[in-house]
2 protein chains.
Amino acid sequence: MPSNLPDSVFSPRSVAVVGASSNPDSPGHDYVKAIIEAGFTGPLYPINPRAPEIMGLPAYPALSAAPGDVDLVISCIPADGVLALIEEARAKRATTLHLFTGRFSETGDRDAAALEQRVKQAARDAGIRIIGPNCMGVFDARSGLSFRPDLPRADGGDVAFISQSGNNSVELMLHGAARGLRFSKVVSYGNALDLSEADFLDFLAADDATRVVGAYIEGATDGRRLLDALRSCAAAKPVVVLKGGRTGAGSRTAASHTAALAGQRQVWSAVLKQAGAVEVETFDDLIDMLVAFAFLRPGAGTNVGVVGGGGGRAVQSADVCEEAGLRVPRLPGAIRAMLREKAPHLADWVDNPVDQSILAGSGVSGARVLEMMLDAPEFDALIANVGEDWVLGRPDAIERMAHLVDRFAAIGVKADKPMAFVLGPADSPDETKWRAVEGGKQRLTDARLAVYPSVDRAASAVARFVRFHAGRA
Amino acid sequence: MPSNLPDSVFSPRSVAVVGASSNPDSPGHDYVKAIIEAGFTGPLYPINPRAPEIMGLPAYPALSAAPGDVDLVISCIPADGVLALIEEARAKRATTLHLFTGRFSETGDRDAAALEQRVKQAARDAGIRIIGPNCMGVFDARSGLSFRPDLPRADGGDVAFISQSGNNSVELMLHGAARGLRFSKVVSYGNALDLSEADFLDFLAADDATRVVGAYIEGATDGRRLLDALRSCAAAKPVVVLKGGRTGAGSRTAASHTAALAGQRQVWSAVLKQAGAVEVETFDDLIDMLVAFAFLRPGAGTNVGVVGGGGGRAVQSADVCEEAGLRVPRLPGAIRAMLREKAPHLADWVDNPVDQSILAGSGVSGARVLEMMLDAPEFDALIANVGEDWVLGRPDAIERMAHLVDRFAAIGVKADKPMAFVLGPADSPDETKWRAVEGGKQRLTDARLAVYPSVDRAASAVARFVRFHAGRA
């Protein structure tokens with residue numbers, strides 16, 4: 001279904017922030033700062049009855065005082081001012097109103113819910129679409145929209161995320177960025193009073209800046225429409241969905257968060273499956289699968305080759321891979337022949353997963369075996385354990401890690417099968433170790449490679465990724 | 001069964017490191033440095049045929065040249081020198097030989113396996129017990145033994161860990177330390193040629209410095225003895241076991257790692273269950289459960305109160321808690337009455353899990369609700385979400401986080417029911433954010449509180465912890 005969003009949602013020519021503020025600890029400040037820093041080039045009008053200027057821009061006492069038309073109005077004012085704001089917005093020919101403003105139906109208060117309905121009707125009468133209420137709104141890499149100054153910059157982002165939760169949209173962007181994800185468009189849409197997840201999915205299905213779509217959804221106002229939207233979006237690109245409110249308590253909590261009707265878990269799982277979307281159950285899972293779809297080369301086979309780390313890591317890698325549904329075949333003849341030539345005493349010892357500590361001093365590196373695994377038809381997918389703590393405890397840990405990562409990354413960029421890297425977690429209170437791991441991660445993600453903080457998370461993501469592609473084949 | 005370990009395993013009066021080295025990038029250097037820095041007070045003899053001194057200590061060309069008796073001999077020399085070393089060790093009245101030395105039966109090579117058996121027999125004839133071969137050996141907080149200079153210091157450690165993998169012992173200590181774990185004793189025992197996991201479990205069962213035991217085990221040489229040892233140890237204190245080699249490929253890999261006979265997964269799970277040990281499946285799980293047993297107050301009830309984070313986090317918290325087997329009841333009358341008095345417009349909106357963003361500006365803090373939950377008989381366990389990224393993106397993030405953590409920690413130290421904190425992950429490439437999260441974690445772990453990097457990991461650990469206690473009741 002073609003998108004019915006006005007251009008002003010993602011590509012407004014002009015923006016007003018109503019309730020803009022000079023207080024650096026307020027949302028009214030964050031929107032102005034974030035939009036300036038995101039590089040929005042059209043007119044941006046801070047609206048504040050008392051401030052003559054905000055962040056170097058002239059401010060206006062009311063929306064009606066802004067000098068030109070305003071495409072997109074962002075509201076940070078209290079709920080009781082929104083009806084009047086809609087009248088002003090209509091006069092300014094606005095076509096989209098984003099309500100950061102909350103305290104509507106999600107409060108469970110009858111008057112607040114009634115006001116929300118009046119807002120909905122007034123906006124409809126004014127020809128204005130609503131994002132929200134009770135949400136962070138829109139991040140758009142191309143047009144320079146953003147909702148927080150500390151969000152990652154948008155170089156080359158092709159992952160989109162829609163979220164019924166504002167905090168989840170921020171956390172996904174920040175923790176996703178630490179894993180190399182860059183975003184084309186992000187929408188936090190809150191109570192979905194007017195524009196809903198289905199509208200955004202329709203838009204993203206056709207959005208040529210977006211290659212992968214993630215979603216955090218608490219409820220659907222129209223289940224049939226959502227299924228259609230999911231189906232058409234998932235037909236165009238991978239869609240990964242975290243459903244909030246899967247349990248009794250979760251569903252009750254969703255109602256008080258975004259007034260969402262969470263629905264039955266089994267129904268949701270069936271809908272997501274039918275639509276061809278990938279369902280995940282935790283926030284970490286959501287990031288892991290977005291990383292998989294963003295960075296792994298396509299592939300549907302389950303035979304995995306694993307390299308790196310010592311013997312304990314090799315054993316665990318084998319276990320978690322097989323438990324995730326992958327197969328861990330023995331080394332094929334070609335690799336064994338190479339070992340027999342270069343390191344004959346190890347040729348019958350080393351196997352898949354490759355225990356790198358066995359290879360130490362042999363003249364055959366783990367990277368060399370990984371390279372041969374890449375060429376070997378016996379392997380459909382690869383997992384490379386890059387960092388174990390022995391590296392981090394050595395002198396020159398940062399340089400060593402960088403060197404090790406570069407050798408592995410050079411193979412990763414050549415890969416024509418799914419290849420995941422394991423490095424981390426960077427949870428050390430020791431600054432050198434943190435820098436070594438973060439530096440290594442940065443090198444891998446700069447090369448657009450998929451990095452996971454543990455081998456079990458890598459195995460799980462690769463297994464689900466190849467199952468997805470097998471299902472498509 | 002009483003332990004049959006000689007004192008020289010954990011409390012040697014004197015130690016020799018054979019193959020000691022001045023090269024800071026070698027194990028022979030690490031042992032000397034680690035033991036000095038761990039505060040070992042007895043004579044420590046570096047043995048090296050060419051160096052007159054190592055790390056400020058006089059070095060000796062051969063073990064036989066050391067001036068006094070030697071209780072514990074640590075061998076970093078190649079396998080073919082070990083038989084001769086045993087003769088020297090016998091002459092020095094040594095009673096324990098730790099073989100860091102590897103390349104024995106784990107290679108799959110027949111001659112190497114035969115040599116290993118000759119080593120076993122020679123040591124037995126000499127009255128010397130063997131730790132290893134192919135392992136890191138012993139860390140002991142009281143006696144000042146250590147195997148790597150970068151291991152955490154041992155202030156007040158009461159968690160013991162035995163590991164068939166050397167790298168796993170290092171990784172468990174480092175990543176565990178980042179979660180606040182401090183260790184009484186750690187043993188990496190490799191091929192278990194002589195002293196086995198059963199010997200160490202027997203010892204730890206009776207060790208008054210040890211309150212919680214973790215284990216990474218690949219295989220058992222004597223299943224019956226292991227079951228007995230597990231049972232007696234688990235009767236004395238919580239025992240958490242990660243079994244390596246659960247799958248076909250994992251078991252094959254374990255054989256080439258420590259020559260272990262991994263055995264069938266179902267058999268192991270049954271044995272662990274029968275013994276009263278807690279089985280875990282990943283390294284992260286192992287740390288999470290050790291943190292639970294080290295820091296959570298005992299409790300067997302499943303009704304959990306959850307505080308903190310915004311609405312999306314609240315919904316997810318409810319879902320993962322219920323899916324882990326906990327119950328998330330609604331707020332009880334007493335807390336609702338307090339809300340009705342202090343923040344009447346929120347009293348029918350806020351619920352459990354508590355969406356802290358709703359409370360903002362109301363005069364009622366999340367910490368206040370948490371405190372009331374602690375007193376409320378309706379809640380058996382608590383989970384506090386401390387950090388969400390909105391905190392980390394604000395000005396003065398480090399101070400804000402510290403302040404927030406301190407308020408929560410003050411409640412945590414008073415808790416008489418299991419209470420877990422969620423903070424992290426500290427995976428940001430941004431130094432301020434990393435410092436804010438690591439600083440907050442440090443404050444919580446300094447107060448001996450249980451911290452988890454995600455709410456799903458906290459929920460899973462709390463659920464297994466209360467099930468463990470329910471099973472005991």
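Reader: What makes helix 10 of chain A count as largely enclosed by the rest of the structure?

Author: Twelve of its 14 residues are buried, so helix 10 of chain A is largely enclosed. A residue is buried if 20 or more other C-beta atoms, placed from the backbone, lie within 10 Å of its own, exposed if 12 or fewer do, and partly exposed in between. The buried residues of helix 10 of chain A include A:Arg313, A:Asp319 and A:Glu322. Helices are DSSP runs of H or I with at least four residues, strands are runs of E with at least two, and both are numbered from the N terminus.

Reader: Where do these numbers and letters come from?

Author: Residues are numbered from 1 along each chain as its sequence is written, while chains are lettered from A and ligands numbered from 1 in the order in which they are written. The model is predicted: local features need pLDDT of at least 70, side-chain atom pairs count only at pLDDT 80 or more, and totals for chains, interfaces and linings use all residues.

Reader: How do you know that the span of helix 10 of chain A agrees with what it should be?

Author: The expected span is 1.5 Å times one less than the number of residues. For the 14 residues of helix 10 of chain A that gives 20 Å, and the end C-alpha atoms are 20 Å apart, which agrees. After the helix comes A:Gly325, with a positive phi near 105°.

Reader: Which element gives the most to the side of chain A that touches chain B?

Author: The contact takes 69 residues from each of chain A and chain B, where two residues are in contact if their C-beta atoms, placed from the backbone, lie within 7 Å. Helix 10 of chain A gives the most to its side, with eleven residues. That side divides into 21 nonpolar, 27 polar and 21 charged residues. Here Ala, Val, Leu, Ile, Met, Phe, Trp, Tyr, Cys and Pro count as nonpolar, Asp, Glu, Lys and Arg as charged, and the others, Gly among them, as polar.

Reader: Why is B:Arg93 called partly exposed?

Author: B:Arg93 has 15 other C-beta atoms within 10 Å, so it is partly exposed. B:Arg103 has 19 such neighbours inside 10 Å and therefore also counts as partly exposed. Phi is positive in both, near 60° for B:Arg93 and near 70° for B:Arg103. Most residues other than glycine have a negative phi. B:Arg93 lies in the loop between helix 2 (82–91) and strand 6 (96–99) of chain B, and B:Arg103 in the loop between strand 6 and helix 3 (110–126) of chain B.

Reader: What makes strand 1 and strand 2 of chain A a pair?

Author: Two strands pair if DSSP finds at least two bridges between them. Strand 1 (residues 15–18) and strand 2 of chain A have four bridges, in the parallel sense. A:Val18 stands opposite A:Ile47 in strand 2 of chain A.

Reader: Which peptide bond joins A:Gly132 and A:Pro133?

Author: That bond is cis, with omega about 0°. A:Pro133 is in the loop between strand 7 (129–131) and strand 8 (137–140) of chain A. Another cis bond, with omega about -5°, joins A:Gly424 and A:Pro425.
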